[in-house]
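Student: Could you walk me through this structure? I'd like to ask things as they come up.

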Amino acid sequence: MASPRVMSGIRVTGPLHIGNYWGAFRNWLSLQKDYECYFGVMDWHGMTTAYRKSEEIAPWTREMYAEILAWGLDPEKNTVFVQSQVHEHIELFMIFANLTPMGWLERVTTWKDAEEEAKQNDTHNLGRFAYPVLQSADIAIYRGEKVPVGQDQVAHLEISREIIRRFNNVYKAKLPEPQALLTNVPSLPGLDGRKMSKSYGNTLLLTEPDEKTLRKKVNMMLTDPQRARRENPGNPEICPVYSYHKLYSSAEDVEWAATGCRTAGIGCGDCKGRLAQNIENLTKEPREQKKALLADSKKLQGLMDVGNEKARKEARKTLEIVRSCMKW
Ligand code: TRP
Ligand code: SF4
């Protein structure tokens, strides 16, 4: 296997939406071809905000695990695990917690920006505050070197590097300092044109439950408000439907939408219908595979067990190294 080692994770918050896919997950699918990869379904990170709905974490975790395999993540080639099932993450987290000055965490932008909201929804808690420390442990426990993430994770990667660097300095250790692997994430507005976010209820799921729901959601999408009537020309550049076309449609269809919009040659209904069809074509198979896997809970559990055990083996190795550096 070619080095360097790749490590990444997705936080468990419910079903994946297309923003998750284009932001990071799509990258995993291409990286698995060339690298040794560790991919985690991060349920502890979900718990930091969903602790009052703890009973939902396990079903969400299974769904996410099934989903990422259904989209083509190979569980044999990669190590695909569930974070809470590999206890070594938490051990290393606790070691790192001792090495992390409070001030570093206070300065993390994702914390500062969310602090007010966190107070309001009862998630102004130590677990959430320490989120980047756990993330650092996630990476270091597999001695990850490259971390494919979306732009929103840059601040976390920065502090992960600092924590790991500090560990190396204090204990004369040589854990790799991880680097973010960023790709160009296309701009992907929510169905209503605002930022796509679960809390706005404007997401399109990576796999909607069926074609009908997918079509309904696409039909709900905001369009250029200047096109109130079929005969009004529009501007595709300000239309979320068009941004999705650019991701899901062929060059011909993108051209068809842009020209048809500007010349009022097509209606928004036509434009959305074509988009929904193109998304459906890409989604149909993974959706069915995901359903099949979720329906066969024995098989799914078996896959998770194997992945978790593979992960544990490597994580234990790292903890041995860590403890020996600490003379503990
Ligand atoms: N914080 C990441 C996110 O919200 C998820 C995550 C948890 C992660 N642990 C990680 C990503 C380790 C990369 C490496 O997307
Ligand atoms: Fe948007 Fe398409 Fe309507 Fe133009 S024709 S406003 S791109 S939905």
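Student: What does the side chain of Arg312 make a polar contact with?

Tutor: In this predicted model, the side chain of Arg312 makes a polar contact with the side chain of Glu309, at a distance of 2.6 Å.

Student: And where is the place of Arg312?

Tutor: Arg312 sits in helix H14, which covers residues 297-326.

Student: Is Arg312 buried or exposed?

Tutor: Arg312 counts as buried, because its relative accessibility is 18% and the cut-off for buried is under 20%.

Student: OK, new topic: the ligand. Which residues are the closest to ligand 1?

Tutor: There are 13 residues surrounding ligand 1, and the closest of them are His45, Tyr131, Gln135, Asp138 and Gln153.

Student: How far is a nitrogen atom of ligand 1 from the side chain of Tyr131?

Tutor: A nitrogen atom of ligand 1 is 2.7 Å from an N or O atom in the Tyr131 side chain. For the side chain of Gln135, the distance from a ligand nitrogen to an N or O atom is 2.9 Å, and for the side chain of Gln153 the corresponding distance is 3.0 Å.

Student: What percentage of ligand 1 does the protein bury?

Tutor: Ligand 1 taken alone exposes 360 Å², and the protein buries 90% of that area.

Student: Which elements give two or more residues to the shell around it?

Tutor: Those elements are strand S1, residues 6-11, and helix H8, residues 131-140. If you sort the shell around ligand 1 by class, there are six nonpolar, five polar and two charged residues.

Student: Next, holes inside the protein. How many cavities of 30 Å³ or more are there?

Tutor: The count comes to two cavities of 30 Å³ or more.

Student: Which residues lie nearest the centre of the largest cavity?

Tutor: The largest cavity is lined by 13 residues, and those nearest its centre are Cys239, Val241, Cys261, Cys268 and Cys271. Helix H11 (240-248), helix H12 (251-262) and helix H13 (268-295) each supply at least two residues of that lining, with the largest share, three residues, coming from H13. By class, the lining of the largest cavity divides into nine nonpolar, one polar and three charged residues.

Student: And what lines the second largest cavity?

Tutor: The second largest cavity is lined by Leu205, Leu206, Thr207, Glu208, Leu214, Ile279, Thr283 and Arg287. Here too the largest share of the lining, three residues, comes from H13, and the residues divide into four nonpolar, two polar and two charged.

Student: H13 again! Where is Asn281 found, then?

Tutor: Asn281 is found in helix H13, and it counts as exposed because its relative accessible area is 52%, where the cut-off for exposed is over 50%. Asn281 and Glu255 are 26 residues apart along the chain, and their C-alpha atoms are separated by 19 Å.

Student: Switching to backbone angles: what is the phi of Lys172?

Tutor: Lys172 has a positive phi of about 50°, although it is not a glycine. As background, most residues other than glycine have a negative phi.

Student: Where is the place of Lys172?

Tutor: Lys172 is in the loop between helix H9 (154-171) and strand S5 (179-181), and it is exposed, with a relative accessible area of 69%. A polar atom of the Lys172 side chain lies 3.1 Å from the backbone oxygen of Asn169. Lys172 and Met64 are 108 residues apart in sequence, and 38 Å apart in space from C-alpha to C-alpha.

Student: What about the phi of Asp122?

Tutor: The phi of Asp122 is near 65°, which is a positive value in a residue other than glycine. Asp122 is found in the loop between helix H6 (109-120) and helix H7 (126-129), and at 41% relative accessibility Asp122 counts as partly exposed.

Note on methods
Residues numbered from 1 in each chain as written. Chains lettered and ligands numbered in written order. Predicted model: local features only at pLDDT ≥ 70, side-chain atom pairs only at ≥ 80, totals over all residues. Heavy atoms only, no water. 1 Å grid on protein atoms, 1.4 Å probe; cavity = no way out; pocket = protein on both sides within 12 Å on 5 of 7 lines; lining within 4 Å. Points joined across faces, edges and corners; volume = space filled by probe spheres on them. Helix = DSSP H or I, 4+ residues; strand = E, 2+ residues; numbered from the N terminus. Nonpolar A, V, L, I, M, F, W, Y, C, P; charged D, E, K, R; others polar. Near = heavy atom within 4 Å. Polar contact = N/O pair within 3.5 Å; in protein donor to acceptor, adjacent residues only side chain to side chain. Areas by Shrake-Rupley, 256 points an atom, 1.4 Å probe, with all protein chains shown as cover. Buried < 20%, exposed > 50% of the residue type's maximum accessible area, 1.4 Å probe, protein only.
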